[in-house]
Amino acid sequence: MSDFLFCAKCGSDRIITDAKTSLKDYGGTIQVSVQANPSAIMIKGTTHGILRARICATCGYVELYANNLDALWHAHEQAQRDR
């Protein structure tokens, strides 16, 4: 992520970076997942990434970003090859 950020909606430079996301009722993080072998019955090769947010302190616009990008992409590519 860039050190010099502007809001995509209003252009403000009042950006809160790397805000944590959570599920209020469960206290956990919000995750994304990609299955390398989605058609498998048991071992699907699921890879996870945790979502973080950027928040504009002027208009409230929120962008979500995932971590673990290389592993997520690798699982996606494997699933596409195995189709």
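The legends below describe several views of one predicted model.

**View 1. The chain and its elements.** The secondary structure of this chain comes to 1 helix and 4 strands, where helices (H or I, at least four residues) and strands (E, at least two) are DSSP runs numbered from the N terminus. Followed from the N terminus on, the elements run β-β-β-β-α. Residues are numbered from 1 along each chain as its sequence is written. Because the model is predicted, local features need pLDDT of at least 70 and side-chain atom pairs count only at pLDDT 80 or more, whereas totals for chains, interfaces and linings use all residues, and side-chain values use heavy atoms, with hydrogens and water left out.

View 2. The accessible surface of the chain comes to about 6,300 Å², of which 52% belongs to carbon and sulfur atoms, as given by the Shrake-Rupley method with a 1.4 Å probe. Of the 83 residues in the chain, 19% are buried, a term for under 20% relative accessible area, with exposed meaning over 50% and partly exposed in between (1.4 Å probe, protein chains only). Among contacts (heavy atoms within 4.5 Å) between residues at least 6 apart in sequence, 46% join residues at least 24 apart.

**View 3. Cys 10 and Cys 56.** A search of the whole structure finds 0 disulfides, a disulfide being a pair of cysteine sulfur atoms within 2.5 Å. The cysteine sulfur closest to that of Cys 10 belongs to Cys 56 and is 3.7 Å away, which is too far for a bond. Cys 10 counts as partly exposed, because its relative accessibility is 39%, while Cys 56, at 3% relative accessibility, counts as buried.
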